[in-house]
Amino acid sequence: QLYAAAKGAAERLVSSARQAAHANARLGHVMATEREAHRAAVALAGRRLSYLSADANARLLFAAQPPRHAPAAGVSFGALMLPALPSGLPTHWLSRESTQSLRRWCEEEEVPLAALRCVVGRVVAVDGPTTVGPGEGGRGSTEANPYNLAEGDSYFVVHAEMVLPHRWVVM
């Protein structure tokens, strides 16, 4: 009788240990699945375009702007972000250095820079805001107002890095 009681207790312990092992395995599988889903979400977030902020590492969509807003370099790209200026023009503009980098890429790829309508760049730094001062608005592109904005408009200059694998993503 003592042997039967000990055997029954041992079987219950083994059964409990087996159930615990299966529960741990299921929990480990669920945690691994959640970890992979989180990694995928983080990777996807890194590829999404930002329309509300120009934080470091954000990807912005820069659209080609009319020639009257181009500095001496001949082309300008403004980020499609909210809110825009009252005139409808962008508040964030691609820097000269970034535009020159884009120009070099276009030369390597034999794509005319003027043919680009939109490009995607990753934000490295943002300068500004800069406000167009009295007497500087509407006089064409100058050093003080390179994007030919209206007097009183505030703008930011975005230094963006080429997005790999194709450096700039061209649309």
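Let me begin with the ground rules. The model is predicted, so local features need pLDDT of at least 70 and side-chain atom pairs count only at pLDDT 80 or more, while totals for chains, interfaces and linings use all residues. Residues are numbered from 1 along each chain as its sequence is written, and side-chain values use heavy atoms, with hydrogens and water left out.

I turn to the overall architecture. The chain has two helices and six strands, and from the N terminus on its elements run α-β-β-β-α-β-β-β. Helices (H or I, at least four residues) and strands (E, at least two) are DSSP runs, numbered from the N terminus. Of the 171 residues, 32% count as buried; buried means under 20% relative accessible area, exposed over 50%, and partly exposed in between, with a 1.4 Å probe and protein chains only. The accessible surface comes to about 10,600 Å², of which 59% belongs to carbon and sulfur atoms. Such areas come from the Shrake-Rupley method with a 1.4 Å probe, and for residues only the protein chains shown count as cover. Among contacts between residues at least 6 apart in sequence, 64% join residues at least 24 apart, where contact means heavy atoms within 4.5 Å.

Next, the strands. Two strands pair if DSSP finds at least two bridges between them. Strand S5, residues 154-162, pairs with S3 in the parallel sense over three bridges, and His92 stands opposite Phe156 in S5. S4 and S5, in turn, run antiparallel and are joined by eight bridges.

Is Val123 buried or exposed? Val123 has a relative accessible area of 1%, and therefore counts as buried. Leaving aside neighbours within four places in sequence, its contacts include Ala54, Leu60, Val158 and His159. Val123 and Val163 are 40 residues apart in sequence, with a C-alpha to C-alpha separation of 9.8 Å.

The structure holds zero disulfides, a disulfide being a pair of cysteine sulfur atoms within 2.5 Å. Cys106 is buried at 2% relative accessibility, and Cys118 is buried at 17%.

How many salt bridges are there? The count comes to two, taking a salt bridge as a side-chain nitrogen of Lys or Arg within 4 Å of a carboxyl oxygen of Asp or Glu. One joins Glu161 to Arg122, with the closest N and O atoms 2.0 Å apart. That pair links distant parts of the chain, since Glu161 is in strand S5 and Arg122 in strand S4, 39 residues apart. Glu161 is partly exposed, at 36% relative accessibility.

Arg39 forms a salt bridge with Glu36, the closest N and O atoms being 2.9 Å apart. Both residues lie in helix H1, residues 2-47, three residues apart, or about one turn of the helix. Arg39 is partly exposed at 48%, as is Glu36 at 46%.

Finally, the surface. Tyr51, Leu52, Leu80 and Leu82 form a nonpolar patch with about 420 Å² of accessible area together. Patches are made of residues with over 30% relative accessible area and no salt bridge, with like charges joined within 9 Å and nonpolar side chains (Val, Leu, Ile, Met, Phe, Trp, Tyr) within 5 Å. Leu80 lies in the loop between strand S2 (77-79) and strand S3 (92-94), and is partly exposed at 36% relative accessibility.
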